[in-house]
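Hi,

Here is the structure I promised to pass on.

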Amino acid sequence: MIMDVAANPHRAISVAVDALKKGEVIAVPTETVYGLAADATNESAVSRIFEVKRRPSFNPLICHCSDIEMVSTYAVLDPVSLRLAEAFWPGPMTLVLEANPSCRLPSRTTAGLNTVAIRIPDGFSRDLIRSFGIPLAAPSANISGKVSATTAQHVRDDFGDEVPIILDGGQTKIGVESTILTVRNGGIELLRPGGLPVELIERVARLPLTFREVPGTVVAPGMLTSHYAPRACVRLDAVEVMRGEVLLKVGGVFVSGEGECARVFDLSPNGSLAEVAANLYATLKEADELGVSTIAVVTIPNSGLGLAINDRLRRAAAPRSLTPAEVALGESRSA
Ligand code: TXA
Ligand code: MG
């Protein structure tokens, strides 16, 4: 069932809370992307998320909270994390925090790590969590490795009736996942660029960010090389487009060959990176549905939201099989 949130938010919350209490998995709109949500404290409900999403068990989930008090029940907020939390929550930021030893979440939720990824989302999902009173574990609502969902219909296309309740909050505002950060030795590390631009974080924190990406290891375990992938191949930094390819361009700039190619999508005719981010996943899916073998994408500036957009595009363009290091990591973590 797809349920329109705007039509009757109170009813949507009451239907959702009933389902969550029964340990069901439901799809919920957030400001970034849709989430596949369940009671983060219910081991079997969380197991069901992994099953439905076909997600490897070594990849932990983000716990969505309604306020700092709820966060503090499950995690320890160091001073720098608290400053970030006060500045950017509710919003598109996830903090990887030390788990609170006196109130641990099930190991299915955290994949057995002694840290926990937490975010306070904005809007309807936050109202829902406040009403439920318990954090929601929620990965993005897509089959593992595929492009994330930014509309209720995308969720439906991936899961059909396997997710019986899909709350429809319209197209998500930001369109790319949250920025994931962790504070270590007083410094801030960027684990995944996302909807909160790095420049904004640095300005507020008055600290430079370090980008943690160690070759051959997966620090945010979801960051396998190939991720966010459509069926078609993705070709980056295109300066021309071939017959039979789809072109994704920005800012109305003419690209050689676009008259003969299969289809042209302008992700933002006025060149706004926020609009590119908001349209990216829906456009990748629509381009894929045309059945072409290649989606060519022009160069996107690598600042502000461009960092997250380029990260997702690189992963969409990456070779589709796991590297040996990733396979080994998966086996050791899921054992
Ligand atoms: O915007 C978002 O972040 C969306 C919405 C639904 O909130 N969620 C989302 O979840 O993108 P997911 O599961 O697709 O990505 C979460 C990432 C994964 O790469 C996971 O490995 C990482 O967070 N993660 C979770 N717990 C972690 C931990 N304790 N340490 C490091 N990384 C962690
Ligand atoms: Mg995801």
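Before anything else, pLDDT is the predictor's confidence in each residue, from 0 to 100, and contact here means heavy atoms within 4.5 Å. You'll want both terms because this is a predicted model.

Where pLDDT is low, the predicted coordinates should not be read in detail. For the protein chain as a whole, the mean pLDDT is 92, and 91% of the residues reach 70 or more.

Now the domains. The chain splits into domain 1, covering 2-177, and domain 2, covering 233-317. Their centres, taken over C-alpha atoms, are 29 Å apart. Domain 1 puts 13 residues into the contact and domain 2 puts in 9.

Together the two domains bury about 950 Å², with 58% of that on carbon and sulfur atoms.

On the polar side, the two domains share 5 residue pairs in polar contact, counting pairs with both residues at pLDDT 80 or more. Sorted by class, the face of domain 1 that touches domain 2 has 5 nonpolar, 5 polar and 3 charged residues. There is 1 salt bridge between the domains. Glutamate 177 and arginine 312 also meet through their side chains in a salt bridge, at 2.9 Å from N to O. Side chains of opposite charge can pair when their charged atoms come close.

Across the whole structure, a search turns up 12 salt bridges. One of them joins the side chains of arginine 119 and glutamate 31, at 3.3 Å from N to O. This pair ties together distant parts of the chain, 88 residues apart: arginine 119 is in strand β7 (residues 115-119), while glutamate 31 sits in the loop between β2 (26-28) and β3 (35-39).

Two backbone details are left. The peptide bond from tryptophan 89 to proline 90 is cis, with omega near -5 degrees, and proline 90 lies in the loop between α4 (79-88) and β6 (93-99). Arginine 54 has a positive phi, near 55 degrees, in a residue other than glycine. You'll find arginine 54 in the loop between α2 (43-53) and β4 (62-64).

Cheers

Note on methods: Residues are numbered from 1 along each chain as its sequence is written. Chains are lettered from A and ligands numbered from 1 in the order in which they are written. Side-chain values use heavy atoms; hydrogens and water are left out. Domain bounds come from an automatic or database domain assignment. Buried area is the accessible area (1.4 Å probe) that two parts lose on being put together, summed over both. A salt bridge is a side-chain nitrogen of Lys or Arg within 4 Å of a carboxyl oxygen of Asp or Glu. A polar contact is a pair of N or O atoms within 3.5 Å; within protein, one must be able to donate a hydrogen and the other to accept it, and residues adjacent in sequence count only if both atoms are side-chain atoms. Ala, Val, Leu, Ile, Met, Phe, Trp, Tyr, Cys and Pro count as nonpolar, Asp, Glu, Lys and Arg as charged, and the others, Gly among them, as polar. Helices (H or I, at least four residues) and strands (E, at least two) are DSSP runs, numbered from the N terminus.
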